[in-house]
Amino acid sequence: MKSDFCSQPDAGFTIIELVTVLIVVGIVGAIGVGRFFDNRVFENRAYADQAKAIIRYAQKLAIAQNRFMYVRADGNSFAVCSGSGCAAAEAVTAPAGSNSGSSVTKANCQLGGAYVAQWLCEGRPASVTVSAGGRAEVGAGGYFFFDALGRPYNKADSGIAGSTFNAPLAITFASGGNSAQITIYPETGYVQ
């Protein structure tokens, strides 16, 4: 029995099809390479996610331990402490046993002039800016805290006679034309 394979016309791509594919791949590559090598967007999102996790952990810890838990938000780092002064004895240990240990974390997560690797603290990457619309909870000397019911208080409140946030606290992270936002709601302390 004779095969019909040899009688079929040559199969393959034409030169026009190959050139078209190469041009399309070149255009997609040129657009993608710029985004691939600009990691400011990734740093921004990663730091916003780290801050969100730290804030949520502080709230859950306040509920579980039935006491105030403080989030230090000084603009250069987010950290969790058991007291407002954030002294060495008040530093809360990271759930994994240590923080990321990145160069910015080592520079911004210091107590008494020394880096504390076990502390639940993450430093802000240089390309990321953190703001909260002028609220005192975020920035130089900024902090806020959660009570045993998980309600957020600003740094001016005592937590006993004071009141929870009177408006949601929106923390914005910006870098390279990209922004991310964390919102902490009054009364419930929900972190979104």
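**Entry 1: the S7–S8 hairpin**

I began with the hairpin of S7 and S8, where five residues lie between the strands and Gly150 takes a positive phi near 85°; strands here are DSSP runs of E with at least two residues, helices are runs of H or I with at least four, and both are numbered from the N terminus. This is a predicted model, in which local features need pLDDT of at least 70 and side-chain atom pairs count only at pLDDT 80 or more, whereas totals for chains, interfaces and linings use all residues. Residues are numbered from 1 along each chain as its sequence is written, and side-chain values use heavy atoms, with hydrogens and water left out.

I noted that S7 and S8 pair in the antiparallel sense over three bridges, where pairing requires that DSSP finds at least two bridges between two strands. The bridge partner of Phe146 in S8 is Pro152.

**Entry 2: salt bridges at the hairpin**

I then looked up the charged side chains, taking a salt bridge as a side-chain nitrogen of Lys or Arg within 4 Å of a carboxyl oxygen of Asp or Glu. The search of the whole structure finds five salt bridges. Asp147 and Arg151 form one of them, with their closest N and O atoms 2.7 Å apart, and Glu187 meets Arg151 in another at 3.7 Å, N to O. Because Glu187 lies in the segment after S10 and Arg151 in the loop between S7 and S8, this pair ties together parts that are 36 residues apart in sequence.

Asp147 is buried at 4%, while Arg151 at 23% and Glu187 at 46% are partly exposed.

**Entry 3: the five-stranded sheet**

I followed S7 into its sheet, an open one of five strands in the order S5-S2-S1-S7-S8 with antiparallel pairing. Its edge strands are S5 (121–123) and S8 (152–154), each pairing on one side only. The twist averages 20° from one strand to the next; axes are lines fitted to C-alpha atoms, for helices over the stretch in contact, and angles run from 0 to 180 degrees between N-to-C directions.

Strand S1 (residues 69–73) pairs with S7 over four antiparallel bridges, and there Val71 has Phe144 as its bridge partner. Which residues cover the two faces of S7 (residues 143–146)? Tyr143 and Phe145 lie on one side and Phe144 and Phe146 on the other, and all are buried.

**Entry 4: the three-stranded sheet**

I found an open sheet of three strands in the order S6-S9-S10, again with antiparallel pairing. Strands S6 (129–131) and S10 (178–184) stand at the edges with a single partner each, so one side of each is left without a neighbour in the sheet. S9 (residues 169–175) and S10 pair over seven bridges, and Ala174 has Ser179 as its bridge partner in S10.

**Entry 5: helix H2**

I closed with H2 (residues 40–65), whose 26 residues reach 37 Å from first C-alpha to last, close to the expected 38 Å, a span defined as 1.5 Å times one less than the number of residues. Its buried residues include Tyr47, Ile54, Ile55 and Leu61. Asp49 and Arg45, both in H2 and four residues apart, about one turn of the helix, meet in a salt bridge at 3.0 Å, N to O. Asp49 is partly exposed at 37%, as is Arg45 at 41%. Asn66 follows H2 and has a positive phi, near 55°.

Notes:
Buried < 20%, exposed > 50% of the residue type's maximum accessible area, 1.4 Å probe, protein only.
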